[in-house]
Amino acid sequence: MQEEKKEPQSTTKTEAPLAIKKESMPKKERPSNCAACNKSIRKKRWYYRDGKHYCAKRCWKTTLKKEQKAEEGKK
């Protein structure tokens with residue numbers, strides 16, 4: 001009987017590039033204060049929209065309303 005030589009499957013070839021990518025990427029930190037009201041943001045409760053962090057959905061909506069009023073006033 002002839003035994004065939006099988007090459008062991010190496011998992012390090014696929015895992016190594018992923019590990020390097022994760023380490024090289026900087027960790028994004030969220031700010032500690034709301035973008036609208038400047039109130040401190042709790043760990044469990046925060047709202048992220050349009051690249052900014054808010055303490056609640058209410059603050060985000062009031063910011064949108066203020067921006068719409070400012071645009072209407074310019075016209």
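Is Asn 38 buried or exposed? I looked it up: Asn 38 counts as exposed, because its relative accessibility is 55%. A reminder to myself before going on: this is a predicted model.

**Entry 1**

I placed Asn 38 in the loop between H1 and E1. Its phi is near 65°, a positive value in a residue that is not glycine. I noted that because most residues other than glycine have a negative phi.

Asp 50 went on the list too, with a positive phi near 55° in a residue other than glycine. I found Asp 50 in the loop between E1 and strand E2, which runs 52-54. With 64% relative accessibility, Asp 50 counts as exposed.

**Entry 2: overall fold**

I counted two helices and two strands in the chain. Going along the sequence, I read the pattern as α-β-β-α. The chain has 75 residues, and 13% of them are buried.

**Entry 3: cysteines**

How many disulfides does the count come to? I got zero disulfides. I checked why for Cys 34: its closest cysteine sulfur belongs to Cys 37 and sits 3.7 Å away, so it is too far for a bond. The cut-off I used is a pair of sulfur atoms within 2.5 Å. Cys 55 is in no disulfide either; the nearest cysteine sulfur, that of Cys 59, is 3.4 Å away.

I also looked at cover. Cys 34 is buried, with a relative accessible area of 4%. Cys 55 is buried as well, at 8% relative accessible area. Both values fall under the 20% that I take as the limit for buried.

**Entry 4: Ile 41**

I located Ile 41 in the loop between helix H1 (12-24) and strand E1 (47-49). Asn 38 is in the loop between H1 and E1 as well. Ile 41 is buried, with a relative accessible area of 11%, whereas Asn 38 counts as exposed.

How far is the C-alpha atom of Ile 41 from that of Ala 56? I have 8.7 Å between the two C-alpha atoms, for residues 15 apart along the chain.

**Entry 5: positive patch**

Which residues gather in the patch of positive charge on the surface? I wrote down Arg 49, Lys 57, Lys 61, Lys 65 and Lys 69. H2 gives the most to this patch, with four residues. Arg 49 lies in strand E1. I have Arg 49 down as partly exposed, because its relative accessibility is 36%.

**Entry 6: negative patch**

There is a patch of negative charge on the surface too, and I listed Asp 50, Glu 67, Glu 71 and Glu 72 in it. Asp 50 is the residue with the positive phi from my first entry. I placed Glu 67 in helix H2, which covers residues 57-74. Glu 67 counts as partly exposed, since its relative accessibility is 40%, while Asp 50 counts as exposed at 64%.

**Entry 7: what I keep from this**

I keep Asp 50 on my list for two things: its positive phi and its place in the negative patch. For the cysteines, my note stays at zero disulfides. For H2, I keep its four residues in the positive patch and the place of Glu 67 in that helix.

Technical notes:
Residues numbered from 1 in each chain as written. Predicted model: local features only at pLDDT ≥ 70, side-chain atom pairs only at ≥ 80, totals over all residues. Heavy atoms only, no water. Patch = residues over 30% accessible without salt bridge, like charges linked within 9 Å, V, L, I, M, F, W, Y side chains within 5 Å. Areas by Shrake-Rupley, 256 points an atom, 1.4 Å probe, with all protein chains shown as cover. Salt bridge = Lys/Arg side-chain N within 4 Å of Asp/Glu carboxyl O. Lys, Arg positive; Asp, Glu negative; His and termini not counted. Charge placed at Lys NZ, Arg CZ, Asp CG, Glu CD. Buried < 20%, exposed > 50% of the residue type's maximum accessible area, 1.4 Å probe, protein only.
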